Amino acid sequence: MSDMPTNAFWMPFTPNRTFKSAPRIVERAEGIYLTEKGGRQIIDATAGLWCSNAGHGRTEIAEAIYHQAKTLDYSSIFNFGHELGFEYSERLVKHTPDGLDHVFFGNSGSEAVETALKIALQYQRARGKGTRTMFIGREKGYHGVNFGGISVGGIAPNYQGFGQPVKANHMRHTLDIERNAFSRGLPEHGIELAEDLERLVAFHGADQIAAVIVEPFAGAGGVVLPPKGYLKRLREICDKHDLLLIFDEVISGWGRTGSAFASIEFDVTPDMITSAKGITNAAVPLSAVFVKDEIHNTVMNSAAEGMVEFFHGYTYSAHPVACAAGMATLDIYEREGLLTRASGEIGQHWENALHSLADMDNVIDVRNYGLVGAIELRAPENLKGKFGGKASLMAWESGVMARGIGDALCMSPPLIIEKHEIDAIVDKLRGVIGELA
């Protein structure tokens, strides 16, 4: 492995020099397992990067990709179309909350966020409220890496080197370990944090704000769950001040919380939803923005007949091969009941297994909902903010892929995981955490 050339590839979100000195190379994947170059198996407790929800190596998806690439590998979607794009759109919106009946396709979660922000601006202008050009995000929020996404996002290293060119401000995050440590499901305390939105509206003026964008639970911010009632209160404040509410469900969508979308699970309907990752089981890049009827119709009706209504799109929007992968993914989700599986017995087993680690001296919090979870570690002073990364490397060596974020180990296993595999993850992590220093 040391002879493998690594110089040309500039890797994303990776300390390249450190990684390339001792690369971890995945050669194959099947089910919930990765196979390292050399043959060692690793339990993928993160579903890739929150995305391989139906597990790896699904032959149905591979066959759909192969057939579509032979039939129609590509066709421009600007002033042309293919039947699969329309068929797939109709099928997708059967899973969205009522009233979000329109789909705009992109290729990644970052592009979905960028698209949603532009739709919000277009909608505000179309209804005569063109002064509304600011966005409100939230601390610890992750909304991709394009300039709009890093502006509304609340993870400092992602924007500090580039600025925040889109006008934005940020609400306080909802992580409160002191009051909510070891919560099972949504934490009890913190609904009042939603009132921080009122503070920002008063500071900037509602007539300056286009939309509020939040993840239902923060993923890359460390699996930070919304306190009970918090999302509903955000919806109420947005309605009071006539603000759009965008849920970034790139991570929380497609069964992660026990419903197709977290907005359904938590009974709060936003004006737009961004989606990617699990939409194709990560087999082919694809993203979507689901848009409320009123927004879509206002934008459509504001343009003269025969004119482009929305000057935005991507060469690969609704790529036929990606749509085929998405259709096959929906077949699996629906046939195997994966979109609601996390709300049942397997989700309860996941919760109990994670919380069995609460008795360890190095564990200061366990957070979980559906099939997502985080273990917050007691970091020594010299490693604060970095302890999760150290634990993640040790977990890999023990045979588990878990993501280190700050001082936490974060996980989102494939929705097909079984009880004995959950037990294996937790047993291995118990050993890792016990050795941490």
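Modeller: We will take the cysteines and then the salt bridges. Keep in mind that this is a predicted model.

Biologist: What is a disulfide, in general terms?

Modeller: A disulfide is a covalent bond that joins the sulfur atoms of two cysteines.

Biologist: How many disulfides does a search of the whole structure find?

Modeller: The search finds zero. Take C410 as a case: the nearest cysteine sulfur belongs to C51 and is 15 Å away. The cut-off for a disulfide is 2.5 Å between the sulfurs, so C410 is in no disulfide.

Biologist: Is C410 buried or exposed?

Modeller: C410 has a relative accessible area of 1%. Buried means under 20%, so C410 counts as buried. C238 is another buried cysteine, at 0% relative accessibility.

Biologist: Now the charged pairs. What makes a salt bridge?

Modeller: The test is a distance: a side-chain nitrogen of Lys or Arg has to lie within 4 Å of a carboxyl oxygen of Asp or Glu. In this structure there are 27 salt bridges.

Biologist: Which residue does D239 pair with, and where do the two lie?

Modeller: D239 pairs with R235, at 2.9 Å from N to O. Both are in helix α10, which covers residues 230-241. They are four residues apart, about one turn of the helix. R235 is buried, because its relative accessibility is 12%.

Biologist: What is the distance between the closest N and O atoms of R40 and E36?

Modeller: For that salt bridge it is 2.9 Å. The two partners can be read separately for accessibility. R40 is partly exposed at 29%, whereas E36 is buried at 12%.

Biologist: Which parts does the salt bridge between K419 and E345 tie together?

Modeller: The closest N and O atoms of K419 and E345 are 2.2 Å apart. K419 lies in helix α17 (residues 419-435) and E345 in helix α15 (residues 345-355), so this pair ties together parts that are 74 residues apart in sequence.

Biologist: Are K419 and E345 buried, partly exposed or exposed?

Modeller: K419 has a relative accessible area of 33% and is partly exposed. E345 has 58%, and the cut-off for exposed is over 50%, so E345 is exposed.

Biologist: Which residues are linked in a network of salt bridges?

Modeller: One such network links R58, E60, R335 and E336. When you look at these side chains in the viewer, read them as a group of four residues.

Notes. Residues numbered from 1 in each chain as written. Predicted model: local features only at pLDDT ≥ 70, side-chain atom pairs only at ≥ 80, totals over all residues. Heavy atoms only, no water. Buried < 20%, exposed > 50% of the residue type's maximum accessible area, 1.4 Å probe, protein only.
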